[in-house]
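Reader: I'd like to learn how to read domain, chain and sheet contacts in a model. Could you take me through them?

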Amino acid sequence: MQEIINGLAVGGIYGLLAVAFSVVYGVLGMVNFAFGEIFMFGAFGALVATQTNTVIAGNSVPGAALPTWLAIVIGLVVGSLIGWLIERVAYRPLRNAPILSMLITAIAVSMLLRAVATFLFGAAQVPVARPELGDPLIILGARVQRIDLVVLGVAVLVTLAFWAVIRFTPIGRAIRATAEDKDAARLMGVGVDRVISTTFVLGSAMAAIAGILYSQRYGFAAATMGFIPALKALVAAVLGGIGSIPGAFVGGLVLGVSSPRPTCRKAPPTAM
Amino acid sequence: MSNTHTTPIVILKPELGMKRWIWPGIFLILGLIAPFILPGDKWIRVAALSLVYVALASGLNILVGLTGLLDLGFIAFFIVGAYTTAIFTVRSFGPVLEANPAALMWVLPISVVAAIVLAGIAGTIIGYPTLRARGDYLAIMTLAFGEIVRIVSINWTDFTGGAVGIRNIPPLSISSGMVPPTVTYFVLFGIVVILLVALASLIASPVGRAWVAIREDELVASSMGIRTRRYKLLAYVVGASTAGVIGVFFAHMNQFVNPDSFTLEDNFIVLSLVILGGAGTFWGPITGAVLWIFFQAVAKDIPLIQSHPEFRTGFLALIVIVLMLLRPGGIVSKRLELTRARGGALPPQGEVQPFAGAAPKATGEVVLAVDRLKQVFGGLTALESVTFQLRHGEILGLMGPNGAGKSTLLNAISGVTRATSGTIEADGERIEKLESSAVSTRGIARTFQTVRLFWDMTVLENLLVGGHTRLAGFLPKFLSPFPFVRRGERATVAEAEAVLSFVDVWEIRDRRASSLDAYQQRRVEIARALMTRPRVLLLDEPAAGLNESETRDLARLISRIREQHIDVILIEHDMDLLMGVSDRIVVLDHGVIIADGPPNEIRKNPAVLEAYLGSDAK
């Protein structure tokens with residue numbers, strides 16, 4: 001039981017990231033490898049905002065010491081902004097290029113972001129103060145960390161909200177139309193470029209939230225933290241049928257539960 | 001033969017032999033003098049490392065550049081090679097080598113062969129499931145595979161030494177004691193030259209052309225008789241073996257291997273070097289690798305980069321992004337040489353070689369029989385039940401309003417799509433379940449409604465792809481650079497020139513396909529189809545986009561094709577052309593044949609008139 005709840009919490013994180021991969025894939029037909037790095041930047045954005053003192057590029061910088069909720073918003077904004085920027089600068093000019101060029105660019109963007117993060121925050125793990133939520137709960141005889149419930153709850157709520165946006169709002173309809181047929185959508189008056197931008201921003205926000213949850217749960221942030229979760233989320237997205245939101249999320253949950261002893265994973269290997 | 005062109009045609013001379021040697025010459029000279037002009041041993045080691053990356057980038061270029069398959073786990077094959085030789089020379093033959101260092105002379109070749117075999121197997125393993133996958137799934141699968149190999153190398157402690165790795169790998173020398181880096185360098189240089197010569201020979205052979213054809217247009221490649229899955233797998237095996245071989249020498253150069261010698265980043269670096277230099281060119285990846293390794297060595301001495309090693313990959317990533325936006329072709333834009341044979345200086349007699357697979361037919365005998373063919377796409381029935389026959393010596397016109405199912409019928413015959421039910425027989429053999437490469441080897445060739453040439457190849461290379469099945473054969477023979485193994489290639493070039501002459505485009509044989517005008521493109525496409533030595537030629541709207549005089553010329557060409565004992569099925573909207581050249585016309589409407597007869601009967605057939613003009617047009 002304990003294992004399952006642990007797994008579900010980790011799975012929720014993978015699920016969020018998987019949804020981001022899945023939606024962007026649906027609209028653009030490409031795997032945006034950089035989501036792993038947006039995930040990382042989201043975590044760092046929130047981290048820097050909460051701290052009183054941060055070491056950036058070797059210099060000590062006075063931090064904002066903002067309350068947690070505001071820090072989360074900032075992490076989210078940072079992630080979305082980066083997502084918007086890379087779509088605008090790196091991907092949009094390649095809209096009609098072969099899929100291979102887009103994939104290679106995506107990998108390069110991901111490497112570049114990782115290098116930038118290593119420069120800013122160093123190669124080592126940066127500890128994150130985990131929120132004090134009180135003692136573990138006993139559910140059905142299992143000790144469950146409260147943070148796991150929060151993570152799972154947030155992941156489910158965010159995914160539901162995102163699904164509702166896609167399903168019921170005009171922009172959601174435009175996204176679905178673009179995913180189905182770009183040219184037809186354009187002919188129907190959908191601003192395809194704007195829709196793709198929006199999708200990227202939404203996806204990046206999801207990835208950033210996932211990153212924030214991850215850093216809160218494991219108590220660290222690191223420049224390389226995004227790689228393994230991104231790989232797993234990709235697998236989850238494929239598992240759930242790439243392009244489908246509920247499929248991707250459930251895929252993430254399944255992967256989280258089936259991963260061996262997620263609580264014992266201290267950190268992803270640093271040598272990459 | 002009349003020439004319909006008003007503009008003067010420049011007859012291109014076959015390329016001068018000397019020009020080909022510029023790049024190899026530069027490479028050889030620089031490579032040979034490098035150890036003598038570089039200051040100090042440290043730089044000779046850098047040069048040796050750059051050779052390792054030259055081989056790696058060239059190997060990956062086979063996959064990414066030529067065949068268009070992304071591999072994000074390429075380093076895995078390199079790891080396999082390095083560990084293979086480490087285990088061989090330290091574990092298996094360690095005592096022998098210790099007693100007698102000269103034994104490396106025969107142990108090393110064994111390692112190399114083992115590395116080729118094992119890396120080749122690894123290539124097959126990763127290549128096989130990815131054959132059906134799209135580009136992005138492929139990327140994920142190869143990425144995961146690379147990780148698996150790395151994790152295995154860390155955790156299979158008994159075999160690989162775990163995180164410590166394997167030490168004391170003998171250096172590349174037959175005597176004991178210190179080995180000067182110059183010796184190591186020259187051994188590596190020799191190996192890399194051999195690898196490059198082998199790869200260049202392979203690229204300028206049917207194999208290389210098949211790879212590029214697959215990248216350019218897989219469907220067309222298949223319709224030329226190329227078994228596309230097999231060639232994709234072959235690309236993996238060749239790329240993997242190249243990486244495996246150089247992995248062996250890398251291990252001996254470093255004298256140790258451990259999992260830290262290869263990181264995930266190396267995959268990206270090698271990929272970047274291919275892109276940086278120019279994917280799909282021969283000298284691009286080589287240039288990229290040399291430039292990068294030397295740049296990296298220089299950068300190591302800059303204090304800022306010393307304190308921030310991440311700048312190096314970050315910088316490379318930035319270059320790749322900028323290149324992708326501004327110059328996706330990379331630094332070197334020298335076109336890939338896909339054949340070494342040169343044509344003659346004079347146009348040959350325009351003749352087409354006959355199909356060799358079966359006995360010649362008597363006029364009127366059935367060549368192709370379609371029986372109750374049905375094709376359903378989802379809820380749409382494109383072909384209801386189509387039955388007709390093509391007899392030897394005739395041109396069969398196929399007409400019908402838009403959406404009648406003409407192209408669907410052609411696709412079903414040529415194996416592009418598989419019919420839902422019904423049979424297709426060619427010369428008594430059932431072909432409805434065959435793939436399009438197999439249909440092609442049964443003597444059925446086709447053209448496409450919109451011209452589909454291999455745009456990046458020359459006209460002659462396009463035709464050589466058409467002659468693929470006659471040239472393909474035992475792979476290792478294409479690895480050798482010697483001309484005598486390529487007699488078949490020269491004969492096929494002569495045949496290609498004859499066919500080009502037959503369709504009257506011989507003069508433009510060295511031009512790139514994308515630079516031709518519409519009618520030239522059409523004729524090259526027909527010529528390429530004729531190069532498969534077909535018995536039956538399927539032409540899908542060949543006159544689309546042609547002007548009147550070109551259409552008249554095309555009609556003459558089609559008649560001349562029949563004179564070469566090739567039977568033609570012609571789909572056409574141009575009624576003058578269709579009625580003019582066809583001996584018999586089959587009219588299709590809504591997936592059903594509504595008329596079948598000679599042109600003058602069809603012209604008066606009330607059902608045909610109704611289909612085309614509506615019921616009131618009497």
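Reader: What distance separates the centres of domain 1 and domain 2 of chain B?

Author: Taken over C-alpha atoms, the centres of these two domains of chain B are 43 Å apart. The domain assignment, which is automatic or from a database, puts domain 1 at 18-326 and domain 2 at 366-613 of chain B. Please bear in mind that this is a predicted model, where local features need pLDDT of at least 70, side-chain atom pairs count only at pLDDT 80 or more, and totals for chains, interfaces and linings use all residues. Residues are numbered from 1 along each chain as its sequence is written, with chains lettered from A and ligands numbered from 1 in the order in which they are written.

Reader: How many residues does each domain of chain B give to the contact?

Author: Domain 1 of chain B gives 22 residues and domain 2 of chain B gives 27; two residues are in contact if their C-beta atoms, placed from the backbone, lie within 7 Å. On the domain 1 side, H9(B) has the largest share, seven residues. (Helices are DSSP runs of H or I with at least four residues, strands runs of E with at least two, numbered from the N terminus.) That side divides into twelve nonpolar, six polar and four charged residues. Here Ala, Val, Leu, Ile, Met, Phe, Trp, Tyr, Cys and Pro count as nonpolar, Asp, Glu, Lys and Arg as charged, and the others, Gly among them, as polar.

Reader: Which helix gives the most to the side of chain B that touches chain A?

Author: The size of an interface is often given as the accessible area lost when the parts come together. Here we can count residues instead: 27 of chain B are in contact with 26 of chain A. H15(B) gives the most to the chain B side, with ten residues. By class, the chain B side has 17 nonpolar, six polar and four charged residues.

Reader: And the sheet: in what order do its strands lie?

Author: Strands of a sheet pair through backbone hydrogen bonds, either parallel or antiparallel. In chain B, four strands make an open sheet in the order S2-S1-S4-S5, with antiparallel pairing; two strands pair if DSSP finds at least two bridges between them. S2 (380-391) and S5 (429-430) of chain B are at the edges, each with a single partner strand, so one side of each has no neighbour in the sheet. Two bridges join S4(B), residues 421-426, to S5(B), and B:Ala426 stands opposite B:Glu429 in S5(B).
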